Amino acid sequence: MAKAFSSLIVGAFGSQKALLGSLAKATPLLLVGLGTVIAFRAKIWNIGQEGQVLAGAMCAYWASLWIGPLPYLIAVAVLVLAGLAGGGVLGLLAGVLKTRFGTSEIISTVMLNYIVIFLLAYLLDGGPWMESGATVAYHQSPPVNAMLEWPTLFGQGAAKLHFGFILALGATALSALLLERTPLGYEIRAFGSNPTALRFRGTDISRLLLVVMLVSGALAGLAGAGELFGTSHRLRAETLLGIGSSGIVVAMVGGLRPSGAMLAALFFGALKSGAIYMRLQSGTPAGLVSAMEGLVLLFFLCAAVATRVHITVRSEAHA
Amino acid sequence: MENLLSVQNLTKRFGAVTANDNVDLDVRKGEIHCLFGENGAGKSTLSACLYGYYRADSGVIRFKGQVAELNSPADALRLGIGMVHQHFVLVENFTVLENIIVGSPDLGILLSKSAARRKVEELCLRCGIELDLDREIWQLSVGEQQWVEILKALYFGAELLILDEPTAVLTPQQSDQLFVILDGMRRQGLSIILISHKLREVMQSDRVTILRKGKVVATVETSTTTAEAITALMVGHKVTKRVSDRSVTPGREVLVVDRAVAIGEWGEEVLCDVNFTIAENEILGLAGVAGNGQKELFEVLMGVRTLSSGGFHLNGEAIVAPTSREMLDRGVGLVPDDRFREGLIPEFGIAENLVLGWQRKPEYRRGPFLDRGKINALAAHKIDEFRIVAASADLPVERLSGGNAQRVILAREFLHARGLLLANQPTRGLDVAASEFVYEKILEKRAEGFAVLLASEELDDLLRLCDRIAVIFKGKIMGIVQPGETTLLELGMMMAGNASNLGGQVNDFSSKALRQ
């Protein structure tokens with residue numbers, strides 16, 4: 001038991017290599033978490049992050065196939081935009097279903113997850129993106145063009161941190177500014193509290209909902225593109241699945257604040273990274289970390305309820 | 001007459017605030033006993049103690065002569081004390097009968113609706129309530145929903161019924177119906193505690209206990225006193241009621257509504273052929289029983305509901321397919337009747353609510369960001385100017401009292417509106433002093449040259465404030481009258497659907513509505 005935990009900690013923070021691995025794991029969680037924070041603050045329940053992460057990766061992969069020789073930085077920028085667009089369009093689609101037909105975004109985003117997952121399965125399993133020359137279907141694409149891999153900040157080989165981490169930090173600052181300081185953020189928070197009053201007070205709430213779904217999906221899409229071009233270099237469902245749902249947990253545990261999401265992403269990134277080492281050292285299944293993720297979320301939700309009860313008692317006291 | 005309930009020396013403190021200070025109260029069997037006082041006088045706290053929601057810090061509550069230990073509402077219910085809250089606690093898509101019997105201890109596992117139905121029908125008969133027990137709650141009017149709450153309390157065996165501001169959500173006619181029902185209950189030997197700050201309701205009770213700042217000022221027999229005396233006891237001084245300055249006469253026309261027709265959700269006409277104008281320096285009153293198209297009319301003028309035919313002009317320009325954005329930009333101010341739903345963001349503080357609708361205005365921005373400093377300074381200024389009582393400008397407005405929340409809306413609208421002010425029930429739920437504050441501000445705007453549309457159920461107030469009064473009934477304007485040349489009686493008849501030129505013949509319904 002003690003050995004498992006100590007190896008978990010060593011695996012997460014024990015060396016420069018471990019630390020870089022933790023930050024690399026935290027990067028996509030943070031991006032998805034930020035997108036979730038923005039949607040959930042508006043009480044728009046986008047839970048299609050899994051699909052949006054895949055869509056971002058797929059869109060960026062597709063872009064990498066047809067972009068010709070471009071200066072390196074421009075090429076990377078195109079891939080970033082493609083990642084944002086892939087996730088954003090999928091989010092927007094759920095938004096349109098809501099504003100046009102009144103479909104609950106909870107249903108539509110989950111259903112779109114399945115469509116995207118099976119589309120990817122088709123493309124990789126006998127479809128046009130399958131790795132050629134293999135006699136067995138590997139359910140993965142060939143490696144991406146090495147010229148298009150995202151720049152590395154620190155480290156090398158298996159333990160390196162790509163520049164998506166900088167993007168994620170930048171996105172954290174921008175999300176915090178957006179929510180707390182801009183008129184759009186004001187509208188997002190107001191929408192979460194009372195959309196009727198917002199509509200009476202001159203805001204086109206359908207448009208706002210579309211903007212929120214677009215931004216929320218785009219951040220998840222960027223996470224997917226970063227994983228593909230910064231870490232895995234091959235399009236594989238296994239490396240991408242789970243990021244979306246972990247990102248939702250990150251947002252919730254982070255108290256629906258960008259800064260909180262950052263701390264939560266670092267925590268869960270460290271857990272995921274340490275889990276690999278823990279399995280090697282102590283034989284403890286890495287799946288335990290997923291269970292811990294769930295438990296942490298449960299405890300945070302219970303704590304949130306408990307705080308609310310506390311506040312209610314005090315506010316009565318002042319009534 | 002014996003005392004059903006007797007309260008001695010009840011004190012309830014919240015931190016440093018003493019909400020109830022040595023309160024004594026006796027409620028006799030078979031009486032309507034009114035608790036009267038301004039917002040924050042301690043009426044609601046007292047009733048919450050009687051209902052077991054709060055525990056009194058000291059004092060004795062006796063019910064039927066026995067000392068009552070009230071630790072929870074369940075204790076109160078068991079003893080026979082029932083409460084009807086201002087906000088109903090009903091299941092929208094259950095039927096009336098289901099709502100009444102849900103939670104009943106003798107329900108068992110299998111619903112035996114037929115026995116329950118007989119019991120409820122008998123209760124209805126005894127109290128004179130006419131209600132189809134099989135309709136679902138959402139199909140009922142607000143007044144009918146309240147009857148369900150009352151029936152529910154009676155079904156549970158309440159002998160003392162506490163009604164917390166029961167008419168705050170009712171039309172005058174629904175209020176009158178409620179009092180007929182309460183009267184029937186009194187005759188059955190039931191006792192009623194009525195919390196109110198409306199004088200005309202107080203005058204229909206048997207006795208009234210007046211609270212001021214947590215203390216009982218007096219308990220008087222209603223028949224031996226006057227409304228003026230009670231008001232003076234409540235506020236501690238005399239209240240001057242403002243009237244419109246008739247020397248200022250209306251100028252050019254600001255708003256012209258021309259044959260406006262709007263269709264409701266079920267295809268019914270909610271506005272039919274509505275025509276009126278409002279000029280500068282003019283307050284046009286809109287009298288009518290709630291639910292006769294007032295809300296829809298305000299929604300149309302605010303750009304959140306579309307007309308199916310007809311239209312309106314603002315400052316001489318035809319307004320075609322407006323949005324709420326356009327109407328705000330054209331200088332229209334709206335004080336909505338449901339202030340927390342349509343006028344405020346409950347989780348936002350006063351500062352942020354003051355710029356709601358104007359959050360993108362360059363004035364409140366520095367580059368792409370909201371200018372927090374400027375908005376907070378504005379809030380500090382408005383809290384002062386409108387005498388808003390709040391711990392801080394960041395306190396979520398959902399924690400403000402109704403009167404203070406309304407002041408936040410007034411501050412915002414009076415700051416941004418230019419030329420036209422739409423006020424729908426601006427004094428609903430407010431006490432006398434707070435209402436006068438609202439009227440004072442509206443009269444100031446009239447003097448500045450605003451055109452004002454003022455809908456209210458307080459006909460006396462309309463008569464003293466308005467330049468003209470339009471009466472709406474089932475979406476139709478029944479007529480537009482001059483306050484000096486009309487009486488309450490005539491207004492009431494028009495509100496009940498009779499055209500304005502009817503003679504002295506008065507039907508039973510409207511005369512009852514206007515007895516006060």
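This is a predicted model: local features need pLDDT of at least 70, side-chain atom pairs count only at pLDDT 80 or more; totals for chains, interfaces and linings use all residues.
**Entry 1: the contact between the chains**

I started with who takes part. Chain A brings 25 residues to the contact, and chain B brings 36 residues. Next I looked up the area buried between chain A and chain B, which is about 2700 Å². Carbon and sulfur atoms give 53% of that area. I then asked which three residues supply more than any other three of the area that chain A buries against chain B. They turned out to be Y186(A), F200(A) and R201(A), with 33%.

How many salt bridges cross the interface of chain A and chain B? I found 4 by the rule. One that I looked up joins the side chains of R201(A) and E413(B), with 2.9 Å from N to O.

**Entry 2: the side of chain A that touches chain B**

I wanted to know which helices of chain A build this side. At least two residues each come from α6 (164-181), α7 (183-193), α8 (195-200) and α13 (287-318) of chain A. The largest share is that of α7(A), with 7 residues. Sorting the residues of this side by kind, I get 10 nonpolar, 7 polar and 8 charged.

**Entry 3: E201(B)**

I found E201(B) in helix α7 of chain B, which covers residues 199-202. Is E201(B) buried or exposed? It counts as buried, because its relative accessibility is 2% and the cut-off for buried is under 20%. Its side chain has a polar contact of 2.7 Å with the side chain of S196(B). Leaving out residues up to four places away in sequence, E201(B) touches T167(B), F179(B), L194(B) and S196(B).

**Entry 4: strand β6 of chain B**

Last, I turned to a strand, β6 of chain B, residues 81-84. In a regular strand, side chains alternate between the two faces of the sheet. Here I81(B) and M83(B) lie on one side, while G82(B) and V84(B) lie on the other. All four are buried, so both faces of the strand are covered. I then looked for its neighbour: β6(B) runs parallel to strand β7 of chain B (residues 160-164), and 4 bridges join them. As an example, M83(B) has I162(B) of β7(B) as its bridge partner.

Definitions and conventions. Residues are numbered from 1 along each chain as its sequence is written. Chains are lettered from A and ligands numbered from 1 in the order in which they are written. Side-chain values use heavy atoms; hydrogens and water are left out. Contact means heavy atoms within 4.5 Å. Buried area is the accessible area (1.4 Å probe) that two parts lose on being put together, summed over both. Ala, Val, Leu, Ile, Met, Phe, Trp, Tyr, Cys and Pro count as nonpolar, Asp, Glu, Lys and Arg as charged, and the others, Gly among them, as polar. Buried means under 20% relative accessible area, exposed over 50%, partly exposed in between (1.4 Å probe, protein chains only). A polar contact is a pair of N or O atoms within 3.5 Å; within protein, one must be able to donate a hydrogen and the other to accept it, and residues adjacent in sequence count only if both atoms are side-chain atoms. Two strands pair if DSSP finds at least two bridges between them.
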